[in-house]
Amino acid sequence: MNTTAPFDAVDEFTDQSFKRLTYRVQATEHKTFDHCTFTRCSFSETAFSFCSFRECTFTDCDLRLMKVKGSSFTNTVFVKCEASYINWTEGAWAKSGLLNSVQFTECNLSYCTFIGLTLKKFSAIKCTAHDVDFSEADLAKAVFTGTDLAESRFLNTNLTEADFTHAVDYAISPLVNKVKKAKFSLPQALSLLAALEITIVE
């Protein structure tokens, strides 16, 4: 499917598969996508306003600078996607966080913003997440295994029981973040001591 306006005909899409769709720098609103798959699609700089994505999967898609104003994502999975420069705070997220399940695997999330969001089932596995802002977010039980978090910000972030196993280049202060029962791997875990201003002698 490569039409220039693939979402204009109807407002609801169920169990549909979109492959190699180029829909860059476009705008669509008030659409519902239920159990849909998007494979090798390009949505760079496209605005999805007040749309609903439920049980959808994006694989190998270009989502750079995508706009998500008022849109919701329920149990949505992103695999090997270029998903940088997205302000996820513009989306519609349930305050309880129970329906806010977004999962990223081997994606590029660099320069994204998640400030203040409640994403208790969030996962970013083997991702590149440079300069991402997680300040004030509730990421309890989140999974960051194998992810590169260079220059990403954690400030007043709830990381209770979060899993950072084999994650690298993170700078997380236990003084200004909740890290109770969180998992970290050595030697990267030693970076947690930086905020304590102590010296470790071999």
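Here are a few friendly questions and answers about the strands and cysteines of this predicted model.

Reader: What is the order of the strands in the open sheet?
Author: Glad you started there. The sheet is open and has 4 strands, with parallel pairing. Neighbouring strands are turned by 5° against each other on average, direction ignored. The order is E1-E4-E7-E9.

Reader: Which strands stand at the edges of the sheet?
Author: An edge strand here has a single partner strand, so one side of it is left without a neighbour in the sheet. That holds for two strands, residues 12-14 and residues 72-74. They are E1 and E9.

Reader: Which residue in E9 stands opposite phenylalanine 53?
Author: Let's look at strand E7, residues 52-54, which runs parallel to E9. The two strands are joined by 3 bridges. Opposite phenylalanine 53 stands phenylalanine 73.

Reader: How many disulfides does the structure hold?
Author: A pair of cysteine sulfur atoms would have to lie within 2.5 Å to count. For cysteine 36, the nearest cysteine sulfur is that of cysteine 56, 4.9 Å away, and cysteine 36 is in no disulfide. Cysteine 41 is in no disulfide either, with the sulfur of cysteine 61 nearest at 4.6 Å. The number of disulfides is 0.

Reader: Is cysteine 36 buried or exposed, and what about cysteine 41?
Author: Good one to check. Buried means under 20% relative accessible area. Cysteine 36 has 1% relative accessibility, and cysteine 41 has 2%. Because these values fall under that cut-off, cysteine 36 and cysteine 41 both count as buried.

Definitions and conventions. Residues numbered from 1 in each chain as written. Predicted model: local features only at pLDDT ≥ 70, side-chain atom pairs only at ≥ 80, totals over all residues. Heavy atoms only, no water. Pairing = 2+ DSSP bridges. Axes fitted to C-alpha atoms, helices over the stretch in contact; angles between N-to-C directions. Buried < 20%, exposed > 50% of the residue type's maximum accessible area, 1.4 Å probe, protein only.
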